[in-house]
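Open the structure in your viewer and keep the selection panel at hand. This tour goes stop by stop.

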Amino acid sequence: LLDSLLQEKIERKMLQSFFSFLLGSILGISSAIILVIFLLIILLPRTPPKQPSLSPKHKSSPTTPSPSYCMQMWVSLLPSSQMPYQPTKHCPDVTYSARLTITKHKLRLEYPNRNIIMGEKLTGSNLEFLVHSDTVDMGRAKVSFLPANISDKEQFIKKFPLLLVEAEKQFVVFCSSGREKEDLFRALMDSSTYVEENRLDLLRSISCSSCHVVGRETQEERR
């Protein structure tokens, strides 16, 4: 009887050891699998989500520059009675206001019935324009900095104007800031180039392949 009880106890211990070993193995394997999955999630690169394909009618086409060009801003003009411009004598305080509009290769100057104060909020109800206006063909006009001997560093200082000349017309143009002066100069150059581009397209369409066309050099942006 003692032998059978001892044998049963030994078998029970062996069974308990087996179950403990089996449970430990299962827990170890499960932990290893979870650890591997966690590492794969962290280390593997994520693939970006697929973008929905666009139908041909929704696909964007390369943008082409618009043939038209338009810009509008307020400027100050030196009266013709005060010309020629002298840097030691003239400043923006002795000017009159004008609304400058550039459309393609045309520049238009419209004159209000009073001078515009910088920073003034304008509405159609408190502003009227004179009947007279001036139009400039930028394809024939010349733009330069004043005074003639101005240095490169001073070209876009607001106290010095731009000179716009077309045939008998001359306009000494002041801007309210150096940034606006730079924007205006760039717009004037673009407007004059607009005509040249049209002429070049016409020449390419009617001339032979041996013709050589020299393009306009663009002025570097100066700040």
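**The whole chain**

Colour by secondary structure. The protein chain has two helices and seven strands; helices (H or I, at least four residues) and strands (E, at least two) are DSSP runs, numbered from the N terminus. Starting at the N terminus, the order of elements is α-β-β-β-β-β-β-β-α.

Two notes before going on. This is a predicted model, in which local features need pLDDT of at least 70 and side-chain atom pairs count only at pLDDT 80 or more, while totals for chains, interfaces and linings use all residues. Residues are numbered from 1 along each chain as its sequence is written, and side-chain values use heavy atoms, with hydrogens and water left out.

Of the 223 residues, 25% count as buried. Buried means under 20% relative accessible area, exposed over 50%, and partly exposed in between (1.4 Å probe, protein chains only). Contacts here are heavy atoms within 4.5 Å. Among those between residues at least 6 apart in sequence, 57% join residues at least 24 apart.

**Stop 1: strand E3**

Select residues 106-112. This is strand E3, and five of its seven residues are buried, so the strand is largely enclosed by the rest of the structure.

E2 and E3 run antiparallel, joined by five bridges. Two strands pair if DSSP finds at least two bridges between them. Which residue of E3 is the bridge partner of Leu100? Leu109 is. Two residues sit between the strands in this hairpin, where Lys104 takes a positive phi near 55°.

Find Arg108 and look across: Thr135 of E4 stands opposite.

**Stop 2: Thr101**

Stay in E2 and select Thr101. Is Thr101 buried or exposed? At 13% relative accessibility, Thr101 counts as buried. Show side chains: a polar contact of 2.8 Å joins Thr101 to Gln72. A polar contact is a pair of N or O atoms within 3.5 Å; within protein, one must be able to donate a hydrogen and the other to accept it, and residues adjacent in sequence count only if both atoms are side-chain atoms. Leaving out residues up to four places away in sequence, Thr101 touches Met71, Gln72, Lys106, Leu107, Arg108 and Glu110.

**Stop 3: the rings**

Select Phe, Tyr and Trp. How many aromatic pairs does the structure hold? It holds six. Rings of Phe, Tyr and Trp (its six-membered ring) pair if their centres lie within 6.5 Å; planes under 30 degrees apart count as stacked, over 60 as edge-to-face and the rest as tilted.

Go to Trp74 and Phe129. Their pair is stacked, at 6.1 Å centre to centre with 10° between the planes. Trp74 lies in strand E1 (residues 70-77) and Phe129 in strand E4, so the pair ties together parts 55 residues apart in sequence. Trp74 is partly exposed at 24% relative accessible area; Phe129 is partly exposed at 29%.

Move to Tyr96 and Tyr111. This pair is tilted: 5.9 Å centre to centre, 55° between the planes. Tyr96 lies in E2 and Tyr111 in E3, so the pair ties together parts that are 15 residues apart in sequence. Tyr96 is partly exposed, with a relative accessible area of 30%, whereas Tyr111 is buried at 7%.

Then select Phe145, Phe156 and Phe185. Ring pairs link these three into a cluster.

**Stop 4: the loop between E3 and E4**

Select Leu127, which is in this loop. Leu127 counts as buried, at 11% relative accessibility. Draw a C-alpha distance to Asn113: 7.5 Å in space, for residues 14 apart in sequence.

Ile117 is found in the loop between E3 and E4 too. Ile117 is exposed, with a relative accessible area of 60%. From Ile117 to Ser97, the C-alpha distance is 8.8 Å, across 20 residues of sequence.

**Last stop: cysteines**

Select Cys70 and Cys175. Cys70 is exposed, at 57% relative accessible area; Cys175 is buried, at 6%. The structure holds zero disulfides (pairs of cysteine sulfur atoms within 2.5 Å).
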